[in-house]
Structures are given as C-alpha cells and as structure tokens.
Amino acid sequence: MAKQHSAPAIAELDVGIVIASHGRHCVIETPDGEHVICHPRGKKSQAVVGDRVRWQASEDEGTIERVETRRNLFYRQDEIRTKSFAANLDHVLILIAAEPEFSEHQLARALIAAEAERIAPVIALNKSDLVAPFERAWARLAPYRRMHHGVLPLSLKASGAVDRASLLKLLTGKTTLVLGPSGAGKSTLINLLVPGALAQTGEISKALNAGKHTTTSTSWYWVDKASETALIDSPGFQEFGLNHIEPMKLAGLMPDIAEHASNCKFYNCTHLHEPGCGVIPQVETTTQTGPISATRYKIYGELFAELSQRRFP
Ligand SMILES: Nc1nc2c(ncn2[C@@H]2O[C@H](COP(=O)(O)OP(=O)(O)OP(=O)(O)O)[C@@H](O)[C@H]2O)c(=O)[nH]1
Ligand SMILES: [Zn+2]
C-alpha cells in the first residue's frame, strides 16, 4: 500500500506576515525579510494584509496553510460584497484635508467601523497652509475634536519635518491603516514616513502580476529598520458600507451619542422618538446648544434607517 503523504504539523510550518494582497494571491514577508508569493489552500485560508500566517514553500512560491486568529479585522460591507482592508491593527488613521472638502458621512462611517472592531481611530486634517478652507474644515470637525483623541492638524507639504515627528509620536510601535479620500495627501504622508514607499509598491505589484500593469490593492510598509512600526496603505474610503452593523448597536459605536444612551427610559430605545430618551434632549438645535451636534444626530438617524432596511447578501 502506498504511504500517504501527510501534511506537516502546524508548528513545523514557517511563519509570515501578509504584506500585500491581490485577488486570491498575496505576498508574505518571512522573519528574515524575504518576500514570497503565496496562494491560499482552499477557500478557508483567505488571508488579508496584516494577517499572521503559517505557510509552506512549494517551488519558488508558497501555500498558506493557516491564518492565525485575528485580533481584529477592519472591513466594510454593502449589499453586494464585503471588503476586508486589513487585520491586526492598532490604529486606523483617517486623513482628510482642508481641500477637497471631506464628506462627514464617510468620516462617521469609517469611525463606526473602527469602533466596532475596537481599533483606535486617529483623525488628521491636512493642508493647514490653506488658511480659510482649513478654518472651515476645522470648525466642521468640532464634534470630532471633542471625541476620540482630538484631530491632528497637518501640513504635509509645508511642514513635513514637524508633521513627521508628531505622526511618529502617535504611531511608533504600532500598526496603522491609513485611509482617506482621494487628494487629501495619503501618498504624501506615506512617502514622508516611508521614503521610497511607492517605488516598493511598484515592485511588489510587478512580482504579483508578472509584468501586468495593475496595482496591488493594499500594501504594508515598515517605517523603521527594526520592523516595529508599520503603515498600511489601502484605497476604498468611498462607499463605506456598514451592513455588518446591527442598527441597535449603532448608538454604542458613536461615542458622543453613546455617552447619553444609558439614560434612556426604555432599554431598547432607538433615540429617534421615544419619551424619556437620554439622547434627544442633548442634541443641539437652532435655539439650544448641546453636546451632540445636529449633524451627527442626523447621520445617526440616516444610518439607523439604512441599516434597518438592509438585506444580507
Ligand atoms: N496645500 C497643500 N497641498 C498638499 C499638502 N499635502 C499634499 N498636498 C497636495 O495635495 C495633492 C494630493 O496629494 P496626494 O498625496 O497625491 O494625495 P492622495 O490622497 O494620495 O491622492 P490620490 O493619489 O488621489 O489618492 C498633491 O498635489 C499634493 O502636493 C499640504 O500640506 N498642503
Ligand atoms: Zn434614547
């Protein structure tokens, strides 16, 4: 009888971090800093950037045998699909700018997705050198400056060295996903913290596509030689679907609303119309100031309605 080929025990397999992904295949980095193109074994081991994996070499490529348990997974979900950005994050850095004008809806959605996975968000507002638009954007961010850890003002082009230092103070030793709308300065930020980063991405996508001119969707960069601080660059800030969030969980994921949601008369209060609601009287109106901004409350109501109507794919 032929001897059956048995798979090696997981403990004997090599370890790696997923540093780029493109469709079904991805690039992993070994502890020695080598890069290997890997394919998942079956559908189960679909890996995303930031995943720690166990893999096995096969000729000059590799097979991912297991994805280690994730600390968190930052993703968005609409009616058609789920997009996973990255796993095992310490921070999501949302970079917006004085210009182009940012969408508060998108910002609120990305913050909710981070909160749902218990990932600490950092908001940065770039282009402080554009004085008047910056002032307007800064004022629009008042509710966000009160929540979280404030908003970091930047001028990546005009004061790169100072901004580099303040970003490193926040991000050193951490793994951070950088998100932002087009034109806010994401490439400028990544190149400031990781000189040559974009050239590196070019090489990786070339390896992945064997000469085809497509770019990788998400990429990992080490900021330091010791490989302790990492940035992850990912497109896709637009159309930030939150279908995976239960409507009744929404208030708990918006810190300014959550703060007052425990004072409601009904335990299942939606904070939309109920008598004895702790949230509604705290919302600012044209005649009354309040700790909850009218815009934030409106976003809450719209999202609640949207999530209540969702259909799972
Ligand atoms: N005035 C000003 N312009 C800046 C600043 N930082 C970046 N920019 C400019 O803003 C534009 C967009 O910057 P990018 O870094 O390419 O932005 P991005 O977010 O990567 O944009 P996409 O490539 O479209 O995703 C460029 O023309 C930059 O030179 C800044 O601090 N002040
Ligand atoms: Zn309520």
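Predicted model: local features only at pLDDT ≥ 70, side-chain atom pairs only at ≥ 80, totals over all residues.

**Exercise 1.** State how the protein is divided into domains, and describe the side of domain 2 that touches domain 3.

Solution. Start with the bounds: domain 1 covers 10-67, domain 2 covers 73-233 and domain 3 covers 247-308. Next, take the C-alpha centres of domain 2 and domain 3, which lie 28 Å apart. Then list the contacts, counting C-beta atoms within 7 Å: eight residues of domain 2 meet eight residues of domain 3. On the domain 2 side, helix α1 (residues 104-116) gives the largest share, with six residues. By class, that side of domain 2 holds five nonpolar residues, one polar and two charged.

**Exercise 2.** Which residues come nearest to ligand 1, and how is the shell around ligand 1 made up?

Solution. The shell has 16 residues, and the nearest are K157, S182, K186, S187 and T188. Sorted by element, the largest share is three residues from helix α5 (residues 186-193). Sorted by class, the shell contains eight polar, four nonpolar and four charged residues.

**Exercise 3.** Find the residues of the largest nonpolar core that touch the most other members, then follow L177 through its contacts.

Solution. This core has 79 residues; V92, A110, L125 and L177 touch the most other members. Helix α1 supplies the largest share of the core, seven residues. For L177, set aside neighbours within four places in sequence; the contacts left are F74, F85, A86, L89, V92, L93, I232 and S234.

Conventions: Residues numbered from 1 in each chain as written. Chains lettered and ligands numbered in written order. Domains from an automatic or database assignment. Contact = placed C-beta atoms within 7 Å. Helix = DSSP H or I, 4+ residues; strand = E, 2+ residues; numbered from the N terminus. Nonpolar A, V, L, I, M, F, W, Y, C, P; charged D, E, K, R; others polar. Near = placed C-beta within 6 Å. Core = buried A, V, L, I, M, F, W, Y, C linked by C-beta atoms within 7 Å. Buried ≥ 20, exposed ≤ 12 C-beta atoms within 10 Å, placed from the backbone.
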